[in-house]
Each structure stands twice: as structure tokens, then as C-alpha cells.
Amino acid sequence: METLNPPQPRTLADYKEAINSGIALYVAGERERLAQDSHLENHDADRAFLGMLNAEGQRIRGALTIVGYEMMGGENSEIASKSALAMEMIQTDLVIQDDIHDNGEERRGVDCVHRALGLAP
């Protein structure tokens, strides 16, 4: 008699690790692209965004994106990973805007983007 071997449930730490790996690859690629881009003189804002994206975060929204995709029967890990990355990019943008509005000083262990760019009042 065959027994069913359902996959082991993944933990938030598992999702976080996978999302952090995807973010690290994306950030490395973007930094390389910025280093080679001669069309713009100043990429400080891009670099600040990438630094904030790459900084340690909870990654809950990205994890929930993957979980939701899998719950609906999704099986393509590349689509799930890219969707999680997009969600984390949106979240990073939202916290940057929140920090500007609140005149925050530090987020995710690094200076807030507006402070790093010298735009704080």
C-alpha cells in the first residue's frame, strides 16, 4: 500500500530566506547595471532604494504573496519569486514614503533614504 507523503510545511524563515536570496540577486544585477549606465550622472536615489530593499526586513508580504500563489494551485516558482520581489519592492517604497512623512531617522538598521540622500529637514 502506498502512503502519501505530503510536502513539509514551510516556515516563515524558509520563505524569508528564499525571498532574501532573490532580492540579493536582483540588487546585485541592478547595481551592476547602474555601474555601466552612462546616461544618468547620478544614481544616488537608485542606490539608496536598492540598499533599503536589500536591508534586513520581515518579508511577510512577500511570503504571503508566495503562500497565496501556492494556495491557488500555482506551481511556477519563478512566477512566485518575482511576485514576492515585486511585493517587497512596493513595501520598500511605502516605508520610504512613510519615513519622509514622519521624518524618520533609521529603518531596517540603516539610515532612512531621505537622510542618506541629505534631504532631511
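**Entry 1: helix H2**

I looked up what covers the buried residues of H2, and the list includes H1, H4, S1, strand S2 (110-111) and H5. The buried residues themselves are Ala48, Phe49, Leu50, Met52 and Leu53. I take buried as under 20% relative accessible area, exposed as over 50%, and partly exposed as in between, with a 1.4 Å probe and protein chains only. Helices (H or I, at least four residues) and strands (E, at least two) are DSSP runs, numbered from the N terminus.

I note that this is a predicted model, where local features need pLDDT of at least 70 and side-chain atom pairs count only at pLDDT 80 or more, while totals for chains, interfaces and linings use all residues. Residues are numbered from 1 along each chain as its sequence is written, and side-chain values use heavy atoms, with hydrogens and water left out.

**Entry 2: helix H1**

I checked the length of helix H1 (residues 12-36). At 1.5 Å a residue, its 25 residues should span 36 Å, and its end C-alpha atoms are 36 Å apart, which agrees. The expected span is 1.5 Å times one less than the number of residues.

Which residues of H1 are buried? I list Tyr15, Ile19, Ile23, Val27, Glu30 and Leu34. An α-helix has 3.6 residues a turn, so residues three or four places apart point the same way. The buried residues of H1 pack against helix H2 (44-54), helix H3 (60-71) and helix H4 (77-102). Contact here means heavy atoms within 4.5 Å.

**Entry 3: helix H4**

I ran the length check on H4 as well: its 26 residues should span 38 Å at 1.5 Å a residue, and the end C-alpha atoms are 37 Å apart, which agrees. The buried residues of H4 are Ala80, Ala84, Leu85, Glu88, Gln91, Thr92, Val95, Ile96 and Asp99. They pack against H1, H2, H3, strand S1 (106-107) and helix H5 (113-116).

Leaving out residues up to four places away in sequence, threonine 92 touches Phe49, Met52, Leu53 and Arg108. Glutamine 91 counts as buried at 15% relative accessibility. With that exclusion of residues up to four places away in sequence, glutamine 91 touches Arg61 and Arg108.

**Entry 4: the nonpolar core**

Of its 17 residues, Ile19, Ile23, Leu53 and Ile66 touch the most other members. H1, H2, H3 and H4 each supply at least two residues of this core.

What does isoleucine 19 touch, not counting residues up to four places away in sequence? I found Arg59, Gly62, Ala63, Ile66, Ala84 and Glu88.

**Entry 5: isoleucine 60**

Isoleucine 60 is in helix H3. Its relative accessibility is 32%, so isoleucine 60 counts as partly exposed. Residues up to four places away in sequence aside, isoleucine 60 touches Leu12 and Glu88. I also checked isoleucine 60 against lysine 82, 22 residues apart along the chain: their C-alpha atoms are separated by 15 Å.

**Entry 6: the largest pocket**

The largest pocket has a volume of about 240 Å³. A pocket is an open set of points on a 1 Å grid over the protein atoms alone, with protein on both sides within 12 Å along at least five of seven lines, and lining residues have an atom within 4 Å of a point. The volume is the space filled by probe spheres set on the points, which are joined across faces, edges and corners.

The lining has 16 residues, and Ile66, Ser77, Ala80, Ser81 and Lys82 lie nearest the centre of the pocket. H1, H3 and H4 are the elements that give two or more residues to this lining. H4 gives the largest share, 5 residues.

**Entry 7: positive phi**

Most residues other than glycine have a negative phi, and most peptide bonds are trans. I noted asparagine 103, with a positive phi near 55°, in the loop between H4 and S1. Asparagine 103 is partly exposed, with a relative accessible area of 31%.

Arginine 108 also has a positive phi, near 55°, and is placed in the loop between S1 and S2. I recorded arginine 108 as partly exposed, at a relative accessible area of 22%.

Conventions
On a 1 Å grid over the protein atoms alone, a cavity is a set of points where a 1.4 Å probe fits but cannot get out, and a pocket is an open set with protein on both sides within 12 Å along at least five of seven lines; lining residues have an atom within 4 Å of a point. A nonpolar core is a set of buried Ala, Val, Leu, Ile, Met, Phe, Trp, Tyr and Cys residues joined through side-chain atoms within 4.5 Å.
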